[in-house]
Amino acid sequence: MKSLFTLNKYFWKYRFRLGLGVVFIIISNLFSIYPIQVIRIAFDTVLNSVKWYDLLDGFQIQGDVYQQITHMLILFSMLVIGLSVAKGIFLFMTRMTIIVMSRLIEYDMKNEIFNHYQNLSLSFYKKNNTGDLMNRISEDVSRTRMYFGPAVMYTINLVVLFTLVITTMLQVNVKLTLYVLTPLPLLSISIYYASHIINKKSERVQRQLSQLSTFVQEAFSGIRVIKAYTQQSSKNAIFENELEIYRDKTLSLVKVNAVFMPLMILMIGLSTILTIFIGGKLAIAGEISMGNIAEFVIYVNMLTWPVASVGWVTSLVQRAAASQERINEFLLMKPEIENLGEAKDGIRGDIEFRNVSFTYPNSNIEALKDVSFKVNAGDSLAILGRTGAGKSTIASLLVRLYDIDKGQILIDGRDIKEIDLNLLRQSFGTVPQEVFLFSDTITNNIAFGKITRSAELSEVQEAARMAEIHEDISNFPNDYETTVGERGITLSGGQKQRISIARAIMSKPQLYIFDDCLSAVDTETENKIINNLQRVMDKTTSIIITHRVSSAIHCDHIIVLGEGEITESGNHSQLVANNGFYADSYEQQLLSKEEV
Ligand SMILES: Nc1ncnc2c1ncn2[C@@H]1O[C@H](COP(=O)(O)OP(=O)(O)OP(=O)(O)O)[C@@H](O)[C@H]1O
Ligand SMILES: [Mg+2]
């Protein structure tokens, strides 16, 4: 239960709404008690009048009495209707305050969680799968909402109703009250157990359902591979199997639900019978009136639902507590990358790695070992090396997606931990190795790096021209307003890479990182892009990670990585003279050019 205490701040935030809700609950309950008393009075009065009517048989005024009874009945029924309408209005107001409050809290919580998620470091995302993250922001928040909404509402309602009804009942007859209330706790306990079973079973159904949807989602996104390898029937078989499990779990839930309702009604019936039996005896003894019996039958029926809800609410609260504990587990997590730096000056672009070593925390792979190099502002650095050598790792470390274990990374002579994290990241225009485009228009995908949304179209086009993608875009159905991704057109690998480059250019950074971003582009286009970029790169520091020597030739510095260590460094001619990995690659690429 302790986990729910963290939510008290929301109660405080919406205290006026909650207070108003409590007032409405009290009023609506008063209006549900009054009609019952009217019914009791009506019952007794009519019974009396009928007695008089019988006594006056044969007299002229009998007709008058008849008329009077009719009038009275109409009056009573109008009164009952009026009071019930008033109750309805206040019930509506209760829901409009308390249930609305729970929805507002749900909105706040989702915002808080999403915001927090975005601040958590990459290693957090590596450790937890997306389904789990999604569940906590959707499923778990909805369960917590049930605590703020129905659980709070029914609890307050129960307390108010009990106080009102039981005091009224006790005033009428203590003995009868005690008798008719005995079955109620039994009802409450049995409902608690039943809802426990139902919750457990429906959780199992939920889990199976999410497994099923993950499977379906993967099958749809991987449909090309499935078709190419003609795996349709085997996927079908797996799906059928999963679906069967889902069906069985649902059926077992249906069974419990089916038994549950009749049982409830039986319990309520038993209470009513008890009331009439004992009440009848007392009425015969003259202790209470017939109207009192009618009144009690209605009271008992009125109490059963709230009492039943005790069991239900208890299990709601338990579920909410469990959910909130899961939410808190992430919410109380501190981002590993702390932003303690200052944003006092801009960044010029000198980069230095001093004996940097780094091991990925989740896999314990030592990706960099004692790496040192230096690039002056405005210079370019090419990083080459076999796959898995640690090239992309250098890019990730520069923008502090991870913090290093040993050594120091300096920018403009300052340790990057002393630089404001946002300033640091904004200074870099990174084209990552794995291109990611959002399901949005091309304009928005390119202007994304810009903080203001009012990026002029001409600027976007300029960036696209430099990335040699403008012509391609002009041929798309809606030009720059074409949507890409799931709901739009599918781009080729090279087109995606070039849009990603345009995005980096658009952000007008002080430093560029191109991580293998021309791998899907032919050499001719690559040269054009490099030529275009030369203009902007003159003033900025740029790091070009590549497998092609042709991209590295013109760089001021070149380093070659082998399994996390620098094996060669220098400029083109120095490295060719070195006769190492670089010279070999250069020779091979020259040869393959000659063959073409
Ligand atoms: N997020 C990660 N978590 C754990 N290990 C990782 C992670 N990213 C990379 N590695 C490991 O670190 C090593 C270096 O990877 P890196 O991505 O830097 O190589 P790379 O030189 O960019 O290779 P490529 O040329 O294929 O892109 C590899 O052994 C890889 O398995
Ligand atoms: Mg890489």
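Close-up 1. Counting as a disulfide any pair of cysteine sulfur atoms within 2.5 Å, the total comes to 0 disulfides. Cys517 takes part in none, and the nearest cysteine sulfur to it, that of Cys555, is 12 Å away. Cys555 is likewise in no disulfide, its nearest cysteine sulfur being that of Cys517, 12 Å away. Are these two cysteines buried or exposed? Cys517 is buried, with a relative accessible area of 5%, and Cys555 is buried too, at 7%. Here buried means under 20% relative accessible area, exposed means over 50%, and partly exposed lies in between (1.4 Å probe, protein chains only).

A word on reading these views: residues are numbered from 1 along each chain as its sequence is written, while chains are lettered from A and ligands numbered from 1 in the order in which they are written. Because the model is predicted, local features need pLDDT of at least 70 and side-chain atom pairs count only at pLDDT 80 or more, whereas totals for chains, interfaces and linings use all residues; side-chain values use heavy atoms, with hydrogens and water left out.

**Close-up 2. The magnesium ion (ligand 2) and its protein donors.** Donors are N, O and S atoms within 2.8 Å of the metal (3.2 Å for Na, K and Ca), and sites may look incomplete because water is not among the atoms. Helices (H or I, at least four residues) and strands (E, at least two) are DSSP runs, numbered from the N terminus. Ser392 is partly exposed at 27% relative accessibility, and so is Gln433 at 41%.

**Close-up 3. The shell around ligand 1.** Of the 16 residues around ligand 1 (a heavy atom within 4 Å), Thr387, Lys391, Ser392, Thr393 and Gln433 come nearest. H12 gives the largest share of this shell, 3 residues.

**Close-up 4. Polar contacts of ligand 1.** A polar contact here is a pair of N or O atoms within 3.5 Å. A polar side-chain atom of Thr387 lies 2.7 Å from an oxygen atom of ligand 1. For Lys391, a polar side-chain atom is 2.7 Å from a ligand 1 oxygen.

Key
A polar contact is a pair of N or O atoms within 3.5 Å; within protein, one must be able to donate a hydrogen and the other to accept it, and residues adjacent in sequence count only if both atoms are side-chain atoms.
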